[in-house]
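Please find each named residue as you come to it.

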Amino acid sequence: MKIIFLGTSSGAGKTTIVAMYCRYLRKKGIDVVPFKASNLSNNSFCTDSGKEIGVGQAIQAWASDKEPETDMNPILLKPLDGAVRVFLNGDMVANETGDTPADRRSLSEEAYKAFDRLCEKHQAVVCEGSGSPTELNIMDRDIANIGIMRKKNVPAVLVGDIERGGVFAAIYGTWLLMPEDIRPLLKGFMINRFRGDPSLLKPATDRISELTGMEYLGTMPYADIRFPEEDSTANDEKGFRDPMVKEAFLKDLDEFLEHAEKALDLEAVERISDSSA
Amino acid sequence: MDNITKKVREEIERGWIGPNTDCEYHPCHFADQDCTFCYCPFYPCLDEDFGRTIASKRGKDIWDCSPCLFIHRQEVGKFVMDEIKRMGLTDPKDPRMKNIFKEVKAKYYKKGKALMIFGATSDAGKSVTVMAICRILRNRGFLVAPFKSQNMSLNSKVTRKGTEIAMAQAIQSKAAGLKNSDHHMNPILLKPKGDAVSQVTVEGKLYGDQTTREYYDEFIPRQGKEIVERNIDFLKKRYDWVIMEGAGSPAEINIYDRDIANMGAAKIAEAPCILVVNLEWGGSFAYAVGTVRLIPEEDRKYIKGIILNNVRGDPSKVRTGAEELEKIIGIPVIGIIPHIGISLPSEDSEALRGIRTIGNGKMQISVIRLPRIANFTDLDPLLLEDVTLRFVTEPEDLEGSDAVIIPGTKTTINDLIWMRERGIENALRDLKGKIPIIGICGGYQMMGRSLEDPNGIEGRISDPVQGMGFFDNTTKWDKGSNKVSMNEGTLIRTGEGVTGYETHMGISEVKEEPLFSIKKITGNEIEGSFREEEMLFGTYLHGIFERTSFRRFFLSFVRGGSALDDTESKDYNEFLEENLDKLASGFEDNMDIDKLMEIMEKGI
């Protein structure tokens, strides 16, 4: 069982939605793990074996009742002073500057291998995309969105953030800009962070389904779920080691899941997760 | 009438003078205006393009052309004076004046055209794009007016005529070089009160409360279109260009048929449209493509250009994407605008979301972050001083404050109860007398003894609510007790000038030493409350920190504030002007202005 959640922009709520869906599957007794091929962030989590991965995958691991491990986020890119420090499988392997670009092709191969290892060991792998999948100027180099989908035939759900408006344009535009060979993998879409009565959106969600063939999976009400990273001061290691932090996060997440079970058609998401098999 | 005739005679005698920069009111209408005819030689021209007949207070018909700018265009003032001299006229009642009027109108009068700026999202940068274009066109000698048919915002400004519009349009009119904004520039203002209810202001005057459904199902279908039509028409008659701003995204297809703020307004104004996309959050190409393609095909042709806004880093990296985008949608990208570091008043409280502090000065000024915080643009001028603003939602956040501001709110009583329940009120009681505390508008009302809203005008609560008791006054909400005015006066303690504007529903009396003396036609009025010993300040006046007089007075009570005496004080208005210039040049350097002008000239 595999699936990827793509955002129509950064901050669309992918990380939370993935954590929520991991939690949902876990509660159904499914052996699930999160995965994000590549993360661009200065916030990292240090695993028990002293390796660095993105914070998002660490908390998604908690949601899955798993210990965070490097396969969940094989590539981590930390921008620093105009250069990018490249971490592969938890260790720094390169300091990328304009003159010395890292070898993206071999990096991506490593990421796909990590994905394969997770698929072998676990029943379900829930992937998170990175940013928007359709940045015209960098699409050909993408690993975390189109890269993994194409290579590993992963069905996808689009997450659109309605808070800033323009969400229907964002979803339709993302679908339109997807390379044609991958477009059939876009199975469904959901709307995140809505304040108001979701039935008001029906004419628009119907229209998007009609135009794209994607299934409408529901609209999440606005929820203020806070991640440990936002509460702790800059990359405070202690924050993540404190069991209270994990407990508080999972309590928030369970509440979020309760809303999600009402607002979203999670069974349909499961069907999509199975659809590539 | 005789008085006007006399004045015009004097003007004719004096001859052409161009802009009169010696006049204390200059420019009373717009930058570089012609002042030859402070009084119009054609009054009353009775031409509907320039004015209209209204009933005077005594019920007599009079000709009102106060918003007319025609005679103040330099080429017009010059031409009219030259003709008068050539024909040797001295009396404005001379029948030949009518011929000059006909001639000058035929030669120089042309109804203006409009341009619409859409955003792919809220916060795409529509407002600043309108500001930049207004200033660029003004610098090229055009008369320009901003317009937004419907603005949902808790930051508003009162015009000279005592009408109310959104802050963004007031700043845009400043960018256009206009001395006064007016309500035609934002004919519908919505102030959200919570629970899907908004206070609706129409053409600057309070209309009433409406639920979202009432507004979209009844108000808009019944009168939305007419309101937009008549105000666009008004502006087109007086300005060369009307630069319109959309609201949110123009591709919200669930409400597309009821829209009067985006494509609805553009069609009424026959305005070509530019779509602004913010690159900051990613996904911008998808937003652009999706917006264009979701707009019904027959309307899509209105979109003539794309602006990619807020690019961080190297703009050339975006260029390949921009070229690809042009190919896909067949619409040119006319600008790739870098992130421009400027400071301009923000539109709504979304701008404060997640923000804990602004600025990094020594004086720590805490602002209570009320749930319905309103007119918080009041705070911006403080950042010209050695100040950090901290936004407070918990009593603990107040620790280490050097001063506290209780800002304005749309729902005073509810927000007072919110402060009370959170323990912030008690924390303020502990701080009273130790550090200065100022309440502005709603915050001032909270500081009083009691708040009484028996008819639920402001909210639902009808029993009197006890105030914080810092001042002795009582605020009452009655039908028709709303007050909207633009004020000028003095700070009583120092005698220095102050300006500010009021807009509030409840009314309270002054029971303390007043802060200000306000000039009114009927004489001077006292305003505000001041307890020096306890360092308590209260006022209804928004924008009161803009001028240095009161800003410095207040800060002199703040720990470390006396050190300001040695620094140069900056007027907020000058600061705004600098920022508007910086914004405009940022756009001018990165946008194809010729292409933009071509789009505007060509129209639909």
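The model shown here is predicted. In chain B, strands S1 and S2 form a hairpin with five residues between them, and a search over all chains of the structure finds 59 salt bridges.

**The hairpin**
- Strand S1 of chain B, residues 52-55, pairs with strand S2 of chain B, residues 61-64, in the antiparallel sense and over four bridges.
- Within this pairing, Thr53(B) stands opposite Trp63(B) of S2(B), while Gly59(B), in the turn, has a positive phi of about 85°.

**A mostly covered helix**
- Helix H14 of chain B spans residues 548-555, and seven of its eight residues are buried; among them are Phe550(B), Arg551(B) and Phe553(B).
- The side chain of Arg551(B) meets that of Glu385(B) in a salt bridge, at 2.8 Å from N to O.
- This pair links distant parts of the chain, 166 residues apart, since Glu385(B) lies in the loop between strands S17 and S18 of chain B.
- Both Arg551(B) and Glu385(B) are buried.

**Other salt bridges**
- Arg493(B) forms a salt bridge with Glu532(B), whose closest N and O atoms are 2.9 Å apart, and the two residues sit in loops of chain B, 39 residues apart.
- Arg493(B) has a relative accessible area of 40% and is partly exposed, and Glu532(B), at 36%, is also partly exposed.
- Arg258(B) forms a salt bridge with Asp257(B), with the closest N and O atoms 3.9 Å apart; Arg258(B) counts as partly exposed at 26% relative accessibility, whereas Asp257(B) is exposed at 68%.
- In chain A, a network of salt bridges links Arg23(A), Arg26(A), Lys27(A), Asp65(A) and Asp254(A).

Conventions. Residues are numbered from 1 along each chain as its sequence is written. Chains are lettered from A and ligands numbered from 1 in the order in which they are written. This is a predicted model: local features need pLDDT of at least 70, side-chain atom pairs count only at pLDDT 80 or more; totals for chains, interfaces and linings use all residues. Side-chain values use heavy atoms; hydrogens and water are left out. Buried means under 20% relative accessible area, exposed over 50%, partly exposed in between (1.4 Å probe, protein chains only). Two strands pair if DSSP finds at least two bridges between them. A salt bridge is a side-chain nitrogen of Lys or Arg within 4 Å of a carboxyl oxygen of Asp or Glu.
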